[in-house]
Amino acid sequence: MRTAVVVGAGMAGLAAAGALSRTGWRVTLLERAERIAAPPTAVVLWPNGRRALDALDPDGGWSAIASPLPDGGVRRPDGQWLVAPRPRAAAAGPCPSVAHLEDLYDALVAGLGDTEIRTGFEVHTVRTGRRERPAVGDGRTLIEADLLIAADGIDSRVRAALAPESVAVGSGFAEWQAVIPGYRMPRLSEGQSLGGETLGAGYRFVALPLGAHAAGKGGIYWVATAAGAARPEPAATQLALLQRWFAGWHEPVGELLSLTRPEELVPQGVRELRPLPRSYAFPSGPGGVLLIGDAAHAMPHHLGQGAGLAFEDAATLHSLFADAAPGDALTRALDGYTRLRQPRTTSVVRQNRRMSAVVQARGRLALRARDAALNHMRPRILGRTLAVSDWSPPE
């Protein structure tokens with residue numbers, strides 16, 4: 001029986017564990033926390049992410065948990081349109097959508113099959129070698145397998161052992177997310193819209209309506225970013241800061257912040273990997289180690305592709321490793337994974353950094369240039385977004 005250990009039970013780890021389990025691998029999923037729990041926020045699923053999920057589990061019911069994402073346009077803080085909203089053109093295949101993470105995690109956990117789950121397991125040691133199967137240990141127990149999947153996020157212990165040149169650095173932003181449940185949704189005046197994006201001087205606010213039944217309560221998902229590092233204050237203080245920073249912005253920005261409760265706020269510093277790992281695959285004995293998700297290519301969320309790339313990783317893993325046995329076949333699959341994923345993720349990271357220049361614009365002249373150019377740039381930005389989303393699982 002082929003064996004695999006997946007480290008990390010986030011979106012990437014859950015998707016990878018389910019993919020391997022469904023193709024005959026005996027999988028052990030290790031999670032540092034005491035239970036598998038979704039962050040109380042939401043995620044945008046671009047078409048590439050939806051295609052990956054469909055490839056992983058065609059019967060996963062992804063359409064039932066995802067709501068179509070409207071084009072809400074782009075505005076200035078005073079409400080003036082920089083890019084007016086427009087209906088999305090009909091397209092073949094899945095459309096951009098947004099899903100509550102509780103619903104997404106529930107679907108991914110349901111697809112784990114016979115996966116063995118061990119919570120409270122924090123990796124301290126990583127063992128690899130020319131003649132040894134890869135293994136991880138928590139100081140008490142050492143677990144080895146033919147294939148070790150590192151899905152343990154941007155601070156991956158596994159990556160630190162195998163690709164120490166790739167480190168997490170700040171991106172110059174802090175981010176806050178929250179979901180306001182449907183029963184506290186604001187009442188809109190005529191002509192107001194809940195969805196859309198607003199760009200200020202180093203500040204950004206995005207609001208996305210969720211489906212009526214998202215996580216059993218519907219609601220709206222919002223994301224705010226500001227230049228600077230993560231804040232150390234309690235959530236209530238940070239929420240008050242946001243209300244002050246975004247005071248005077250067009251409605252419903254202020255109303256959404258006032259309706260948010262401190263316990264619903266999810267703050268975080270925005271970090272990225274620099275440089276990306278030299279490889280995503282590391283042979284060890286008859287098998288090896290793979291880096292996936294944020295452990296491999298964490299980046300800021302400007303293009304909203306973190307989840308999509310994680311699911312692409314899992315779908316590629318599913319395709320390459322479904323029939324691979326330890327030995328030459330598994331080694332070839334490891335080599336093939338890096339060949340497929342590294343050019344793809346490098347391209348997305350490069351485009352994400354270009355988008356960062358738009359979000360980072362500050363100062364009167366820079367803002368004027370950005371606003372004047374945005375109508376011209378928007379088709380190109382959308383074109384890049386569509387190009388980023390133009391991915392299909394390998395045969």
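Predicted model: local features only at pLDDT ≥ 70, side-chain atom pairs only at ≥ 80, totals over all residues.
1. The core has 77 residues, and the members touching the most others are Leu104, Leu147, Phe311 and Phe321. Leu104 is a handy one to click on: leaving out residues up to four places away in sequence, it touches Met11, Val43, Leu53, Trp62, Ile65 and Phe311. A separate core lies apart from this one, with 19 residues, including Ala174, Ala207, Ile220 and Leu242.

2. Two of those Leu104 contacts, Met11 and Phe311, turn up again where helices α1 and α9 meet. Helix α1 covers residues 11-22 and α9 covers residues 306-321; their axes come within 9 Å and cross at roughly 20°. With angles under 35 degrees counting as roughly parallel, α1 is therefore roughly parallel to α9. The crossing is right-handed.

3. Have a look at who makes that contact. On the α1 side the residues are Met11, Ala12, Ala15, Ala16, Ala19 and Leu20. On the α9 side they are Ala307, Ala310, Phe311, Ala314, Leu317, His318 and Phe321.

4. Next, helix α2, residues 47-56. It is largely enclosed by the rest of the structure, because 7 of its 10 residues are buried. The buried ones are Pro47, Asn48, Gly49, Arg50, Ala52, Leu53 and Leu56, so if you colour by burial, with under 20% relative accessible area as the cut-off, these are the ones to check.

5. Now a sheet. Strands β9, β10 and β11 form an open sheet in that order, with antiparallel pairing. Its edges are β9 (125-127) and β11 (142-144), each pairing on one side only. From one strand to the next, the twist averages 20°. Between β9 and β10 (residues 135-137) there are 3 bridges, in the antiparallel sense, and Thr125 stands opposite Gly137 of β10.

6. Finally, the whole chain. It holds 11 helices and 19 strands. Of its 395 residues, 54% count as buried. As for contacts between residues at least 6 apart in sequence, 74% join residues at least 24 apart.

Notes
Residues numbered from 1 in each chain as written. Heavy atoms only, no water. Pairing = 2+ DSSP bridges. Helix = DSSP H or I, 4+ residues; strand = E, 2+ residues; numbered from the N terminus. Axes fitted to C-alpha atoms, helices over the stretch in contact; angles between N-to-C directions. Core = buried A, V, L, I, M, F, W, Y, C linked by side-chain atoms within 4.5 Å. Buried < 20%, exposed > 50% of the residue type's maximum accessible area, 1.4 Å probe, protein only. Contact = heavy atoms within 4.5 Å. Parallel < 35°, antiparallel > 145°, perpendicular 65-115°, else oblique. Left-handed = near helix turned anticlockwise from the far one by under 90°.
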